[in-house]
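Me: Could you walk me through a protein model, one question at a time? I am new to this, so please show me how each answer is reached.

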Amino acid sequence: MSTLRLEVGPKRNVTTMDTTTAPSPEITYDDFAKCDLRVGLITAAERVPRKDRLLKLTVDVGEPTPRTIVAGIGATYTPESLVDRHAVFLVNLAPRDFGKGLVSHGMILATGPTPNALAFIAANHPYDADIVRAGARVG
């Protein structure tokens, strides 16, 4: 049985999460079905110069060429701690230009109460790594 779990970064000083915000507007199943969620293998990661929280990830999502995905998880994770890890990515998000030729082609799914304490959704199988492969659809 494959599992999805939150992969927590190093322990940091964490404040309590604010749960008083209003819920997001309801969407239909058809709206959700538009989201292309896939397992991605992070093959390389590096810090974005002069941006403490941003990491440039190279991600294999089962396509002929890897994608560049820029993620605001650099306050929680070091680039070297992410290489060879599987995570869940939204891959049909419109590209976002960060300037100076840096364009993100997707989004890693992560959560946390502060930028210093984020967890991403990891996709792993406890016995057989071939079951959860790069490009596998989630949902």
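**Fold and contacts**

Reply: Happy to! In this predicted model, among contacts in the chain between residues at least 6 apart in sequence, those joining residues at least 24 apart make up 64%.

Me: How many helices and strands are in the chain?

Reply: Read along the sequence, the pattern is β-α-β-β-β-α-β-β-β-β-β-β-β. Counting the symbols gives two helices and eleven strands.

Me: What share of the chain's residues count as buried?

Reply: A residue counts as buried when its relative accessible area is under 20%. The chain has 139 residues, and the share that counts as buried is 33%.

Me: Which kind of aromatic pair do Tyr77 and Phe120 form?

Reply: Tyr77 sits in the loop between β4 and α2 (79-82), while Phe120 is in strand β10, 43 residues apart. Both Tyr77 and Phe120 are buried. Their ring centres are 5.3 Å apart; planes under 30 degrees apart would count as stacked and over 60 as edge-to-face. With 55° between the planes, the pair is tilted.

Me: Which residues lie closest to the centre of the largest pocket?

Reply: The largest pocket has a volume of about 260 Å³. Its lining divides into ten nonpolar residues, three polar and one charged, and the elements giving two or more residues to it are β4 and β8 (107-108). Of the 14 lining residues, the closest to the centre are Val70, Ala71, Gly72, Gly106 and Met107.

Me: How many charged residues line the second largest pocket?

Reply: This pocket has a volume of about 200 Å³. Its lining is made of Val48, Pro49, Arg50, Lys51, Leu54, Phe98, Gly99, Lys100 and Leu102. Lys and Arg count as charged. Sorted by class, the lining has five nonpolar residues and one polar, and the number of charged residues is three.

**A closer look at the loops**

Me: Why does Phe98 count as partly exposed?

Reply: Phe98 lies in the loop between β6 (96-97) and β7 (103-104). Beyond its neighbours within four places in sequence, Phe98 is in contact with Leu54, Val70 and Ser104. Buried means under 20% and exposed over 50%. Phe98 counts as partly exposed because its relative accessibility is 31%.

Me: What is the phi of Arg50?

Reply: Arg50 is in the loop between β2 and β3. Most residues other than glycine have a negative phi. Arg50 is not a glycine, yet its phi is positive, at about 65°.

Me: Is Lys100 buried or exposed?

Reply: Lys100 is found in the loop between β6 and β7, and it too has a positive phi, of about 55°. Exposed means over 50% relative accessible area. At 79% relative accessibility, Lys100 therefore counts as exposed.

Conventions: Residues numbered from 1 in each chain as written. Predicted model: local features only at pLDDT ≥ 70, side-chain atom pairs only at ≥ 80, totals over all residues. Heavy atoms only, no water. 1 Å grid on protein atoms, 1.4 Å probe; cavity = no way out; pocket = protein on both sides within 12 Å on 5 of 7 lines; lining within 4 Å. Points joined across faces, edges and corners; volume = space filled by probe spheres on them. Helix = DSSP H or I, 4+ residues; strand = E, 2+ residues; numbered from the N terminus. Phe/Tyr/Trp six-rings, centres within 6.5 Å; stacked < 30°, edge-to-face > 60°. Buried < 20%, exposed > 50% of the residue type's maximum accessible area, 1.4 Å probe, protein only. Contact = heavy atoms within 4.5 Å.
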